[in-house]
Amino acid sequence: MTDRRPVRSTAHDLARYAGLFAQRTKVMKSSAMRDLMALTERAEVISLAGGMPDTSSFPADTYAALMQRVADEACARALQYGPTEGFAAAARCIAEVMAEEGMTVDEGELLVTTGGQQVIDLVCKTLIDPGDVIVAEAPTYPGAVPTFCSYQADVVQIEMDEDGMRIDELEQTLERLEREGRRPKFIYTIPNFQNPGGVTMSLPRRQRLVQVAHERELLVLEDNPYGLLRYEGEPLPTLYSMDGGEFVIYLGTFSKILSPGIRLGWAAAPRPVLQKMNLGKQAADLCSSSMTQLFVAEYFASGDWREYVNSLVGIYRGRRDAMLEALQTHFPREAAWTQPEGGLFIWATLPDYIDTTDLLARALDENVAFVPGRAAYLDGRGGSSMRLNFSGSDETAIREGVRRIGKVVGEQVALYGTLTGAAPAAPPVVDEREAGQVAEQLADVLELPRRATDRRRGRAESDR
Amino acid sequence: MSTVAILQGGRSLERQVSLKSGARVEDALQRLGHTAVAIDVDSDLVTRLTDAKPDAVFVALHGRDGEDGTIQELLEVLGLPYTGSRVAACIRCWDKVLTKHLLRDHGIPTPDFHAFSETAFRELGAAQALPAIEDQLDFPLVVKPAAQGSALGIKFARATADVPAAIVSAFSYDRKVLLERYVPGRDLAVSIVEQEDGAPLALPIVEAVPEGRDFYDFEARYEIGRTRFVCPAELPDGVAERTQELAVEAYRALGCAGFARVDLMLREDGELFVLEANSVPGLTETSLLPQAADAAGIGFDQLVERILAIALSREPVRR
């Protein structure tokens, strides 16, 4: 039984509404993949598909105490609308988080948003007319794809390697676009522990990207949700800190360092851009939640927020290591994957005869899920890759999940061998891969030409 | 008025579509004055059915379990009347290889094909027969899982080099794959609903016209704007009748009951081929059966009422 009100509907309904839908809904991506992804939510499925932080380690009594304090001290404000740009108290917390990553920001250059996702939406709303070019990484954040599509942007994706977006290719592409008389409105990048690629943009590339933006007067949208979740190595300066407040729009969020449920992110941008985004936000939702902004302010006032981030870093480091180890053990030799220094994701690429969308259907039979690589491209590429999340499951589940995926991949590799008459691949041998071999394979992971094998070791000294 | 349990959702790859079908059926049943009990099929199914004590069960469960005879078997055991085809017909429709053999045995044209299990490739060296198959069936070749309700896993192989990967993909969905000769032409669907006297009635034909693509894929099948559906299909004189007759022949050959949908191809030279039959066709806003019924002047509520009446009128099989 249901209390859902029965609606009148006939087979003509679709045709009737179809004439009312805006053009942009026709390019919104919706798909088989979405139907498949819906199955990943079944309780028995080990989902390595989501991008969820682990909120279970946040102490319930802390949460209760903070909410109590908000109620005691600011009940009416918490229940009221707030300013579109956000409360000053929230802006002070944001400034603190940005300072932690070496940035100084004027509170007048901040816009509190409803999650980081809203920044992507507002930047598109502010800058993109139908047909305008957005330059993004290949692969790019799957969650940005529907946003780009809904603004009818023409997205050009630039290849990455282990040093992040290839700026040489970016420059060639910008040249080509200029010859074609098309000026990209902005370059979208996740420099730290890229989603889904798991790679980090090197310092020389960051420097060059900022230079390119200045030379060509192009905006860069720097999406940095995971910067503080670094498990090894030294942090690199953000593009925002190198830019001098001219061409970089910075996207930050509390989702990965505190909670995605509070839906609070922010943009820091040159004032004229921020003013337009502010107008866009007024139109979208007037303001972000007063209640959760005050919650964040209380949280920052009540103690050191870094301690919780540090505890997350400890948890996620263990999970990343568990996943890397499980991949080494259970994935066939033909597979390659990235070695993220932080963040939430590993990007794995299988031989090109394996279609990871089909593989997901098979994996779901084994009650395990991942994101098929195609979700991260707008041009149908990525068919043999997958995104694996290690923040949302515990180490035991990660090992078991990777084992199950490895099993079905192994079956398909063997079957392909049988079909083509190639010898079935030997099982992988743990700990025998040379560092150079790994680097060589890593170039393949992102579907790039192979690079010199000593590149990785060289980088450590030159970049940092 | 009756109490009707609607089986929907479940674990199959068509879960989302099934939830939409089920919700629409539920609304229709309520408008018709029945008591509707929606059940998202899970491990507690038998308990929920026992508790609900329905007069009949409306199977709106697509894909595995709902279309392969599993649910029907269970409902037979529980002695509950249910909509649509019975166990054996479901099994025949679900396994496309079995469907095609039966069609062929009944002299109903279906594209040439060969089918192999994974074991045949792994243990019997069937891969060595691939060149001969490619010779017989020509390129492009359609490679699909033997059992899969939607278009997931269906690939075109345009050359020898594409075949192994297409087979690997198809095996993601089933233990048996079908290699089929590609029939270029028009993509037609005939929905069939039984009349009060039990005679199958072929509804107006729906043609799927892909827009700017050479194959309408899983996405297009359920979404707006990717494939245009024309109903009734504009066909030359006599072709529509021939198509409907052939579809009813296939429906009978497979032993379907209540309602079903038969998919066919109309080749450029006017030859018709039956591809497959669906024992639990979609009932969403974009599904073909409701569109066809509507074109025949049968509203969705009326369609649901008729399908239910057939279920209530037949005796459960006691064994």
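1. In what order do the four strands of the open sheet in chain B lie, and is their pairing parallel or antiparallel? In this predicted model, the strands follow the order β4-β7-β5-β6 of chain B, and the pairing is antiparallel. The edges are taken by β4 (113-117) and β6 (155-157) of chain B, each of which pairs on one side only. On average, neighbouring strands of this sheet are turned by 25° against each other, with direction ignored.

2. Strand β4(B) is joined to β7 (residues 176-181) of chain B by five bridges, and the two strands pair in the antiparallel sense. Within that pairing, B:S117 has B:K176 of β7(B) as its bridge partner.

3. Helix α8 (residues 163-170) of chain B lies across β5, β6 and β7 of chain B, and it runs at about 25° to β5(B).

4. Chain B also holds an open sheet of three strands, in the order β2-β1-β3, and here the pairing is parallel. Because β2 (35-40) and β3 (56-59) of chain B stand at the edges with a single partner strand each, one side of each is left without a neighbour in the sheet. The twist from one strand to the next averages 25°. Strand β1 (residues 3-8) of chain B runs parallel to β3(B) and is joined to it by four bridges; in this part of the sheet, B:V4 stands opposite B:A56 of β3(B).

5. The domain assignment for chain B gives domain 1 (3-84), domain 2 (91-109 + 184-297) and domain 3 (113-181). The contact between them brings 10 residues of domain 2 of chain B together with 11 residues of domain 3 of chain B. On the domain 2 side, α5 (96-105) and α9 (218-222) of chain B each supply at least two residues, and α5(B) gives the most, with three residues. By class, this side of domain 2 of chain B has four nonpolar, one polar and five charged residues.

6. The contact takes 25 residues from domain 1 of chain A and 23 residues from domain 2 of chain A. On the side of domain 1 of chain A that touches domain 2 of chain A, the elements that give two or more residues are α13 (305-330) and β11 (345-349) of chain A; α13(A) gives the most, with six residues. The residues on this side of domain 1 of chain A divide into 14 nonpolar, five polar and six charged.

7. Two helix pairs in chain A can be described by angle and axis distance. Helix α8 (residues 167-179) of chain A packs against helix α9 (residues 203-216) of chain A at an angle of about 15°, with the axes 10 Å apart, and this angle makes α8(A) roughly parallel to α9(A). The crossing of α8(A) and α9(A) is right-handed. From α8(A) the contact is made by A:I167, A:L170, A:E171 and A:L174, and from α9(A) by A:R205, A:R208, A:L209, A:V212 and A:R216. Taken by class, the residues of this contact between α8(A) and α9(A) are five nonpolar, no polar and four charged.

8. In the other pair, the axes of helix α14 (residues 356-365) of chain A and helix α15 (residues 395-420) of chain A come within 10 Å and cross at roughly 125°, which makes α14(A) oblique to α15(A). The crossing in which α14(A) passes α15(A) is right-handed. A:L359, A:R362 and A:A363 of α14(A) make the contact with A:R404, A:I405, A:V408, A:V409 and A:Q412 of α15(A). The residues of the contact of α14(A) with α15(A) divide into five nonpolar, one polar and two charged.

Conventions: Residues are numbered from 1 along each chain as its sequence is written. Chains are lettered from A and ligands numbered from 1 in the order in which they are written. This is a predicted model: local features need pLDDT of at least 70, side-chain atom pairs count only at pLDDT 80 or more; totals for chains, interfaces and linings use all residues. Two strands pair if DSSP finds at least two bridges between them. Axes are lines fitted to C-alpha atoms, for helices over the stretch in contact, and angles run from 0 to 180 degrees between N-to-C directions. Two residues are in contact if their C-beta atoms, placed from the backbone, lie within 7 Å. Ala, Val, Leu, Ile, Met, Phe, Trp, Tyr, Cys and Pro count as nonpolar, Asp, Glu, Lys and Arg as charged, and the others, Gly among them, as polar. Angles under 35 degrees count as roughly parallel, over 145 as roughly antiparallel, 65 to 115 as roughly perpendicular and the rest as oblique. A crossing is left-handed if the near helix is turned anticlockwise from the far one by less than a right angle, and right-handed if clockwise. Domain bounds come from an automatic or database domain assignment.
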